Amino acid sequence: MRKKCKALIFGGSAGSLEVLLKVLPDVNVNITFPIIIVVHRKHGADSLLPILLSTRTKLNVKEVDEKEKIVAGNVYIAPSDYHLLVEQDETFSLDYSEKINYSRPAIDATFQTAAEVYKTNLVCILLSGSNSDGVNGLKSVKAWGGRAVIQDPETAQVAYMPEQARLNVMIDEVLPIADMAEFINLMS
């Protein structure tokens with residue numbers, strides 16, 4: 001029997017935006033958990049990302065604010081140039097410490113802090129990307145009993161990130177883009 005999902009996090013880099021634009025339109029509006037998106041973004045260059053994603057889904061899409069309470073049914077986007085951390089009281093905090101894997105926001109930081117909070121009820125999906133950010137985060141997810149999922153590298157624009165995860169983490173699911181929305185909907 002599957003454990004109840006209390007949070008789902010997408011992490012990605014090069015090629016991941018295209019995946020999100022294909023998956024979000026088919027996610028049910030009555031999902032019972034939040035979706036958190038951490039993608040590598042250039043500082044200030046793409047502040048329209050929440051607007052772009054909100055045109056593809058009926059879910060409420062917003063960029064995260066400091067100390068914001070995490071609410072089921074919302075899609076949260078990590079702001080550019082800040083690490084997105086999940087706190088024990090299920091709020092977000094924004095951190096401007098050093099880059100991790102040349103990135104801020106770093107996927108590892110969000111996966112790791114969320115794993116400590118949601119434990120067995122966390123699902124993290126690592127998408128297309130050109131570095132290994134997210135791999136250590138998925139190790140933490142597994143250590144806390146959560147589910148580690150990757151985009152099928154065969155369907156990734158840049159296969160390096162999900163492939164590194166597959167080589168270094170016990171992955172629970174390998175999903176082609178076409179199966180991701182159904183996978184998410186079945187967790188509600």
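K67 and E66 form a salt bridge, with the closest N and O atoms 3.8 Å apart. A salt bridge here is a side-chain nitrogen of Lys or Arg within 4 Å of a carboxyl oxygen of Asp or Glu. This is a predicted model, where local features need pLDDT of at least 70, side-chain atom pairs count only at pLDDT 80 or more, and totals for chains, interfaces and linings use all residues. Residues are numbered from 1 along each chain as its sequence is written, and side-chain values use heavy atoms, with hydrogens and water left out.

Back to K67. Is K67 buried or exposed? K67 counts as exposed, because its relative accessibility is 52%. The cut-offs are these: buried is under 20% relative accessible area, exposed is over 50%, and partly exposed is in between, with a 1.4 Å probe and protein chains only. E66 has 42%, so E66 counts as partly exposed.

K67 sits in the loop between β3 and β4 (74-77). Helices (H or I, at least four residues) and strands (E, at least two) are DSSP runs, numbered from the N terminus. K67 also has a positive phi of about 65°, although it is not a glycine. Most residues other than glycine have a negative phi, and most peptide bonds are trans.

Where else do we find a positive phi? E90 has one, of about 60°, and E90 is not a glycine either. E90 is in the loop between β5 and β6. E90 is partly exposed, because its relative accessible area is 30%.

D89 is found in the loop between β5 (83-86) and β6 (92-95). D89 is partly exposed, at 47% relative accessible area. Now look at D89 and V117. They are 28 residues apart in sequence, and 8.2 Å apart in space, C-alpha to C-alpha.

R104 and P105 are joined by a cis peptide bond, with omega about 15°. P105 lies in the loop between β6 and α3 (107-118).

How many does a search of the whole structure find? The search finds 8. One of them pairs the side chains of E63 and R41, at 3.2 Å, N to O. This pair links distant parts of the chain. E63 is in strand β3 (residues 60-63), and R41 is in the loop between β2 (35-39) and α2 (49-54), 22 residues apart. R41 is buried, because its relative accessible area is 8%. E63, at 29%, counts as partly exposed.

Next, R166 and E163. Their side chains meet in a salt bridge at 2.9 Å, N to O. Both residues lie in helix α5 (residues 160-168), 3 residues apart, about one turn of the helix. An α-helix has 3.6 residues a turn, so residues three or four places apart point the same way. R166 is partly exposed at 37%. E163 is partly exposed at 25%.

There is also a network of salt bridges. It links K62, D65 and E68.

Now the helix pairs. Two packed helices are described by the angle between their axes and the distance between the axes. Axes are lines fitted to C-alpha atoms, for helices over the stretch in contact, and angles run from 0 to 180 degrees between N-to-C directions.

Helix α1 (residues 16-23) packs with helix α6 (residues 177-185) at about 55°, and their axes are 9 Å apart. That makes α1 oblique to α6. Angles under 35 degrees count as roughly parallel, over 145 as roughly antiparallel, 65 to 115 as roughly perpendicular, and the rest as oblique.

Which residues of α1 meet α6? V19, K22 and V23 do, and on the α6 side they meet I177, M180, A181 and I184. Contact means heavy atoms within 4.5 Å. Ala, Val, Leu, Ile, Met, Phe, Trp, Tyr, Cys and Pro count as nonpolar, Asp, Glu, Lys and Arg as charged, and the others, Gly among them, as polar.

What is buried in α1? The buried residues are S16, V19, L20, L21 and V23. They pack against β1 (7-12), β2, α2, β8 (147-151) and α6.

Last pair. The axes of helix α4 (residues 135-143) and α5 come within 9 Å and cross at roughly 45°. α4 and α5 are therefore oblique to each other. V135, L138 and K139 of α4 make the contact with M161, Q164, A165 and N168 of α5. Those residues divide into 4 nonpolar, 2 polar and 1 charged.
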